[in-house]
Amino acid sequence: MAKKFYITTTLPYVNADPHIGFALEIIQADVIARHQRQLGDEVVFNTGTDEHGVKIYRKALEAKQDPQVYADIYAAKFDHLKQALNLSYTNFIRTTDDNHKKAAAEFWQLCVKNGDIEKKISKINYCSGCELEKTASELVDGCCPNHPNLKLEIIEEENYFFKFSRYAKPLLEFYEKNPDFVVPDFRFNEIKKFVQSGLNDFSISRLKQKMPWGIPVPNDSDHVMYVWFDALINYISTLGWPKAKANFKKFWPGVQVAGKDNLRQQSAMWQAMLMSAGLPNSKKIFIHGFIVSGNQKMSKSLGNVVNPFELVEKYGTDALRYYLLRHINPFEDSDFTIDKFEQAYTADLSNGLGNLVSRVAGLIEQSGISIKQDKQDKQDKQCDKLIQGFLFDQALKYIWEKISKIDGLIAQTKPWVLAKEGKTKELEKVLLQALDGILEISHLLVPFLPQTAEKIEKIFTAEVIKKGEPLFPRLS
């Protein structure tokens, strides 16, 4: 029986068009999902959109639209990433879905039952960019470090609070028992220090009179749920919790993929909420860095935001997937410029993989020798290990080393000379060796560059192998 595997991205806010930072996250998750399918697992791969909260409410008001209409428009834009980036997700959840609203209400009631939700008056520093309250120690020059251009809002009102302070010890014990819970380890150390420093209860509701766009708080029509409390529950509501308990138990707990600005929410807040509700904690959380441009954080005001749809239209889906997986560090912030992208495209794809495929297919076609080989499904333990460690860049480097070896084989054996000298057996042996190597590479590329892998397999498992159109046309 196939093993069950569940992976989810975070849910992006629908207050702006999809950007390359989220494209990175969802492509990374897609690689893991495709790889697990290669291993024979039954996979649920979840993504979607986060549609409540003050940011969306204000954007809808600016656009003079009903918040639901506004959310519908932007949710469709994010769902279009599936085709543009060739994604294999199975679930696309929206936090405005009825089943999610019901799950959030049920989750709230479980936390109430456990004594972890109370109503009190408080005064907080609130960053509308993060949709989070900020403690004095987190601020830099009185501003949120992630949104220095946004003025902090002072919110003083009666809200419901989640008793996060009760969960410092349980969280630290959980971390101790699960030493690989957060990847990379320096992010794990970061969240441990945060929890060790002491936890403050956090607000989980807003007055409906001031901010009506949210899920109603059970048994209190004056309040709506705070967006973070509501949104985090999507990771289990997408599995049908609480009604579809059998499906939930099959796939939960799962792997979560998130950016470094989500570290606290995913690895501490959400885990405490799960404990409160009496549900299993997540299996693992992979935290990636940011993409910067010219060593500056991408922002609309600087005009350096990169649109993934435009890159795909000009260079192709697999070219973008390749760059984000090979040349963006999985764990650290990395720089993206069009110059760097085009250099990698030319060197690695056009002159590298594309040239090798074209060259070997051409040599086989010219030889007149009938070479037939089946596709290769054998897994490579070294590549598997790198993928499962979220080391996408190293996995692709490993694959490209195999490309170099085949290039070296051709340069050393000179098949064209063997053909000219009539050494048919030697020529056939070399071509078969090159063919085997390329089919192995094609199989290894399936999680990373699925379209390219399919094209290569089609070329080299055909009855008659012919040199076709280049996989990656040269840039004009």
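# Reading the terms in this model

Biologist: Why is Cys-111 counted as buried?

Modeller: Cys-111 has 0% relative accessibility. Buried means under 20% relative accessible area, exposed over 50% and partly exposed in between, with a 1.4 Å probe and protein chains only. The value for Cys-111 falls in the buried class, so the residue is called buried. Cys-383, at 1%, is likewise buried.

Biologist: What kind of model is this, and how are residues numbered?

Modeller: It is a predicted model, in which local features need pLDDT of at least 70 and side-chain atom pairs count only at pLDDT 80 or more, while totals for chains, interfaces and linings use all residues. Residues are numbered from 1 along each chain as its sequence is written, and side-chain values use heavy atoms, with hydrogens and water left out.

Biologist: How many disulfides does a search of the whole structure find?

Modeller: The search finds 0 disulfides, a disulfide being a pair of cysteine sulfur atoms within 2.5 Å.

Biologist: What makes Lys-64 exposed?

Modeller: Its relative accessibility is 78%, so Lys-64 counts as exposed. Lys-64 is found in the loop between α2 (54–62) and α3 (67–79). Helices (H or I, at least four residues) and strands (E, at least two) are DSSP runs numbered from the N terminus. Lys-64 also has a positive phi of about 55° although it is not a glycine. Asn-86, in the loop between α4 (81–84) and β3 (91–94), is another non-glycine with a positive phi of about 55°.

Biologist: Why are α13 and α16 described as roughly perpendicular?

Modeller: Helix α13 (residues 317–326) packs against helix α16 (residues 392–413) at an angle of about 115°, and their axes are 7 Å apart. Axes are lines fitted to C-alpha atoms, for helices over the stretch in contact, and angles run from 0 to 180 degrees between N-to-C directions. Under 35 degrees counts as roughly parallel, over 145 as roughly antiparallel, 65 to 115 as roughly perpendicular and the rest as oblique. The pair α13 and α16 is therefore roughly perpendicular.

Biologist: Which residues make the contact of α13 with α16?

Modeller: On α13 they are Tyr-322, Leu-325 and Arg-326, and on α16 Phe-392, Asp-393, Leu-396, Lys-397 and Trp-400. Contact means heavy atoms within 4.5 Å. By class, there are 5 nonpolar, no polar and 3 charged residues. Here Ala, Val, Leu, Ile, Met, Phe, Trp, Tyr, Cys and Pro count as nonpolar, Asp, Glu, Lys and Arg as charged, and the others, Gly among them, as polar.

Biologist: Why is α13 said to be largely enclosed by the rest of the structure?

Modeller: 10 of the 10 residues of α13 are buried, so the helix is largely enclosed. The buried residues include Asp-318, Arg-321 and Arg-326.

Biologist: How do you know whether Ile-191 is buried or exposed?

Modeller: Its relative accessible area is 1%, so Ile-191 is buried. Ile-191 lies in helix α7 (residues 185–196). Leaving aside residues up to four places away in sequence, Ile-191 touches Tyr-175, Leu-263, Arg-264, Ser-267 and Ala-268.

Biologist: Which peptide bond joins Val-183 and Pro-184?

Modeller: A cis peptide bond, with omega about 5°. Pro-184 sits in the loop between β7 (182–183) and α7. The bond from Trp-241 to Pro-242 is cis too, with omega near 5°, and Pro-242 is in the loop between α9 (234–237) and α10 (245–251).

Biologist: What is the order of the 6 strands in the open sheet?

Modeller: The order is β3-β2-β1-β12-β13-β7, with parallel pairing.

Biologist: Which strands form the antiparallel open sheet?

Modeller: That sheet has 3 strands in the order β9-β11-β10. β9 (205–207) and β10 (216–217) are at the edges, because each has a single partner strand. β9 pairs with strand β11 (residues 220–225) over 3 bridges, and Arg-206 has Val-224 as its bridge partner.

Methods:
Pairing = 2+ DSSP bridges.
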